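Subject: Structure handover

Hi,

Here is the structure for you to look over. My notes on what turned up follow below.

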Amino acid sequence: MRAMVYRGPYKIRVEEKPMPVIEHPNDAIVRVTLAAICGSDLHLYHGLMPDTRVGHTFGHEFIGVVEQVGSSVQNLQVGDRVMVPFNIFCGSCWYCARGLYSNCHNVNPNATAVGGIYGYSHTTGGYDGGQSQYVRVPFADVGPVKIPDWMHDEDAVLLTDAAATGYFGAQLGEIAEGDTVVVLGAGPVGLVAAQSAWLMGAGRVMVVDQLEERLAKARSMAHAETFNYTEYDDIVVEMKKQTDHLGADVVIEAVGAEADGSLLQHIAGTKLKLQGGSPIALNWAIDSVRKGGTIGVVGAYGPIPNAVKFGDALNKGLTLNMNQTPVKRQWPRMFEHVRNGYLTPRDMVTHRFPLEDISEAYHVFSAKLDGCIKPLILPSAA
Ligand SMILES: NC(=O)c1ccc[n+]([C@@H]2O[C@H](COP(=O)([O-])OP(=O)(O)OC[C@H]3O[C@@H](n4cnc5c(N)ncnc54)[C@H](O)[C@@H]3O)[C@@H](O)[C@H]2O)c1
Ligand SMILES: [Zn+2]
Ligand SMILES: [Zn+2]
């Protein structure tokens with residue numbers, strides 16, 4: 001089969017790989033019909049996540065058709081069209097029993113902090129991902145869900161990560177009625193976080209980024225007020241001015257390890273790798289939220305410590321909520337919001353590439369060329 005293969009930082013190829021096989025009775029093999037590249041894949045592409053192995057196939061946002069099932073699979077049949085959450089989880093451990101699917105304790109032999117993720121560095125279990133024609137889906141009775149008939153494929157694929165993560169970011173913000181919410185980052189995750197903030201009762205939603213086309217999307221998709229931080233001497237001061245000098249009630253951090261906005265932090269975090277990424281967006285969140293406010297962090301970071309303003313967070317009495325998204329937990333409510341048109345994930349899709357052109361897709365998305373906000377990948381299995 002054809003699959004995306006990592007050959008080192010900034011080196012993505014499409015190569016012939018052996019077909020995945022059933023390794024466990026509860027595995028399924030899924031023929032991928034649509035995949036996406038996530039902002040998290042860019043951290044891998046840039047060589048920023050530890051233990052990203054040459055030869056690995058990325059891709060944790062994908063949908064497809066069940067091609068084969070193991071002997072114990074009961075919930076899926078060959079031919080079912082399925083959406084697969086980016087988390088691999090067992091469904092029965094202490095964490096899964098509490099809905100903490102992204103922290104499953106049974107699926108990742110390499111680390112105890114995070115559970116399994118398709119197509120990510122080996123710190124998340126080393127499972128091959130879905131930017132390929134076929135993929136092995138472990139715990140096939142637990143993660144995948146049949147795609148509802150009414151759902152558009154492009155909404156379905158985004159619900160497997162980007163959209164679910166935006167919604168989760170807003171949930172982590174514990175938004176109360178009338179709250180002023182600031183979303184840092186207008187990528188796919190931030191855009192859905194801004195849409196979701198209204199659903200959770202926000203009275204005002206402000207989105208911060210540096211890319212005009214993404215800010216325009218935040219206005220059209222999420223009816224948000226937008227701020228290009230490169231136009232202000234200090235975006236934190238502007239956020240204070242906007243909020244009677246108190247600060248926002250809630251800040252959602254949807255940027256993560258590769259945040260721009262401070263040359264020093266950027267070099268220390270992403271070039272010299274002295275910390276697990278640049279925490280500038282996180283520090284802006286700490287500075288922009290009011291005392292006693294809440295920050296929801298979904299931006300991803302490496303495991304080593306960051307120069308985070310932890311003392312300020314403590315002195316302000318902040319609540320910081322964060323996690324990898326337990327995707328399937330968000331689905332029942334999100335499905336209704338997508339069906340009713342309150343969440344419109346596919347509005348963010350700007351590019352569609354055949355699998356054979358995935359190297360170009362990574363380049364365009366990484367360099368933010370051609371107004372790229374979200375690229376989809378179309379594997380053309382025979
Ligand atoms: N927690 C999870 O489960 C989960 C899931 C998916 C993605 N993520 C993470 O969420 C983050 C966002 O993902 P995405 O797909 O939207 O990525 P993306 O790279 O497309 O978007 C990030 C956006 O942040 C903007 N940005 C950079 N520095 C900024 C700053 N200082 N302030 C405000 N905006 C800034 C960029 O211009 C860009 O538009 C990534 O770190 C990704 O790894 C986490
Ligand atoms: Zn992702
Ligand atoms: Zn589990």
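A definition before the counts: Ala, Val, Leu, Ile, Met, Phe, Trp, Tyr, Cys and Pro are taken as nonpolar, Asp, Glu, Lys and Arg as charged, and the others, Gly among them, as polar. Please note that this is a predicted model.

Ligand 1 first. On that scheme, its shell holds 18 nonpolar, 13 polar and 4 charged residues. Out of 35 residues around ligand 1, the nearest are Gly39, Ser40, Gly187, Gly256 and Ala300. Two or more shell residues come from each of α1 (39-45), α4 (162-172), α5 (188-199), β11 (204-209) and α9 (280-288). α1 has the largest share, with 4 residues. Where does ligand 1 lie relative to the domains? Domain 1 (2-161 + 326-378) and domain 2 (166-322) both contribute to the shell, so ligand 1 lies between them.

Next, α4. 11 of its 11 residues are buried, so the rest of the structure largely encloses this helix. Among them are Tyr167, Phe168 and Leu172. The buried residues of α4 pack against α3 (153-159), α5, β13 (248-253), β14 (289-297), β15 (319-322) and α11 (327-339). After α4 comes Glu174, with a positive phi near 50°.

Strands β16 (residues 351-354) and β17 (residues 375-378) run parallel, joined by 4 bridges. Phe353 sits opposite Ile377 in β17. With helix α12 (residues 358-366), the two strands form a right-handed β-α-β unit.

Best wishes

Terms used: Residues are numbered from 1 along each chain as its sequence is written. Chains are lettered from A and ligands numbered from 1 in the order in which they are written. This is a predicted model: local features need pLDDT of at least 70, side-chain atom pairs count only at pLDDT 80 or more; totals for chains, interfaces and linings use all residues. Two strands pair if DSSP finds at least two bridges between them. A crossover is right-handed if, with the strands pointing away from the viewer, the path from the first strand over the helix to the second runs clockwise. A residue is near a molecule or strand if its C-beta atom, placed from the backbone, lies within 6 Å of it. Domain bounds come from an automatic or database domain assignment. A residue is buried if 20 or more other C-beta atoms lie within 10 Å of its own, exposed if 12 or fewer, and partly exposed in between; C-beta atoms are placed from the backbone. Two residues are in contact if their C-beta atoms, placed from the backbone, lie within 7 Å.
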